[in-house]
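Subject: Structure handover

Hello,

Here is the structure I said I would pass on. My notes on what was found in it follow below.

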Amino acid sequence: LTLSTGRHNLRLLKDYFSWEQTIELPKKGLTVKAVLSALKVPIKISSIPSGAKVSCKLGSKAVFENATPYSTKLVPGKYGFSFAKPGFRPMSKSKTIAGPKEENISVTLVEKSGLLTVTTKPNSAEVKINGWALPMSKRKRLKRKPGSYKLIATSPGYMTSSKTVTLADKENKSVHFELKRKVLKAGTLISDNYLAMKFVWIPPGRFQMGSATTEQSREQDEGPQHKVTFRKGFWIGQCEVTQAQWRGAMGNNPSTEEGYLRPVENVSWDDCQKFINRLNLADGGKHRYRLPSEAEWEYACRAGTQSPRYGETRSIAWFASNSVDVTHSVATKRANAWGVHDMLGNVWEWCQDRWHSGYEGAPSDGSAWTSGVSQTRVIRGGSWGDQESAIRAANRSGFASSRRNCSLGFRLVRMY
């Protein structure tokens, strides 16, 4: 180079290398030896979450290993960065460093997880995972960290079941519980739903439905007697639905004779369906309720007996001779052998069935007889205003489904 004498700043660049030096140039000239060094670019490396181990390679050569966030300088080139953190999926990223401006490398790590789907039979069974309740709304494709989980499924009337599952990263695992029914004793009692209703277990079995032709005060519509078989047991209300329970669900009290523990009355069959729908919705699908079939009602009333009543009338029922023409608080009379109160007397009870004038063609499996177009529904049990002749297990009558009366109430069956 031809330069004037004096001070000069020399800078040489070749590819990713540079050299720089200040010289004093004399008249006779000067020979300068330049050894170029690699250009280094500032690098900032970060991750979400922080604290990840980051490894850097240039080709196959390891450059550094540290934890995020981390700052350093690198010579230009194509680098590979690997990120790892316990509980998160490893991530790799390549980056060409050109410079001279600062380069930023940032990654968001994905937490390791698998999907767990839990199903039960019955569907209403409660499930806990590692001791925490698992709502029904979260039982499909539940996101969980890899690991071991203990699941416990429970349901009234069923044996408790537990399973331990191991979930791996990216695994989609299904767990199914098919609970076995407990062999429940007749009269087993449970308290249920937000209205604190109590239900009694009615065991499987068979009985003669209707009355014998020799039964005193028998009506023609109580025959012919026929066998009904219940292959499965069911839960029936220990008592008639009370005014407090009706008010808790519907916000009103239609009863003529008020008293929170008295049976709700002056309700039609149609009104009962509205109450049931509201209860089913409020219960979030955990349980379902309905009116008993006529066969269920009589089977539960008899509690293994075939006599007109399950006890001495005055001790088991409120009727014309002892009621003083009003309803009375539920469960103040002696229960039958299965622990069910007020099946006879106090108020007539709506059943699910349409009215038929006899049992010719009636179901033999205990289901509700709902065929036909009649708007009249069955009522059972007699009431506070009836004579003793009507206070019989086989006695039956029918009212229009829209009709209300101060002697008409109901009790429920819990389906599951």
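A residue is called buried when its relative accessible area is under 20%, exposed when it is over 50%, and partly exposed in between (1.4 Å probe, protein chains only). Asn-346 is buried by this rule, with a relative accessible area of 0%. Its phi is near 70°, which is a positive value in a residue other than glycine. Asn-346 lies in the loop between helix H4 (313-316) and strand E24 (348-354); helices (H or I, at least four residues) and strands (E, at least two) are DSSP runs, numbered from the N terminus.

Two notes on the source. This is a predicted model, in which local features need pLDDT of at least 70 and side-chain atom pairs count only at pLDDT 80 or more, while totals for chains, interfaces and linings use all residues. Residues are numbered from 1 along each chain as its sequence is written, and side-chain values use heavy atoms, with hydrogens and water left out.

The whole chain

The protein chain has 4 helices and 28 strands. Its C-alpha trace spans about 145 × 40 × 40 Å along the principal axes. The radius of gyration is 41 Å, whereas a compact globule of 416 residues would have one near 22 Å (taken over C-alpha atoms; the globule rule is 2.2 Å times the number of residues to the power 0.38). Of the 416 residues, 44% count as buried.

Loops

Ser-217 also has a positive phi, near 70°, and is not a glycine. It is found in the loop between E20 and E21 and is partly exposed, with a relative accessible area of 34%. Pro-224 lies in the loop between strand E20 (205-209) and strand E21 (226-230), and the peptide bond from Gly-223 to Pro-224 is cis, with omega near 0°. Another cis bond, with omega near 0°, runs from Thr-68 to Pro-69. Pro-69 sits in the loop between strand E6 (61-67) and strand E7 (70-74).

Buried parts

Where is Val-241 placed? It is in the loop between strand E22 (234-237) and helix H1 (243-250). Val-241 is buried, at 4% relative accessible area. Its C-alpha atom is separated by 6.1 Å from that of Phe-410, 169 residues apart along the chain. Residues that Val-241 touches (heavy atoms within 4.5 Å) include Met-197, Trp-246 and Phe-410.

Helix H3 (residues 294-302) has 9 of its 9 residues buried, so it is largely enclosed by the rest of the structure. Among them are Trp-297 and Cys-301. Just after H3, Ala-303 takes a positive phi of about 50°.

Regards

Conventions:
Lists of a residue's contacts leave out its neighbours within four places in sequence.
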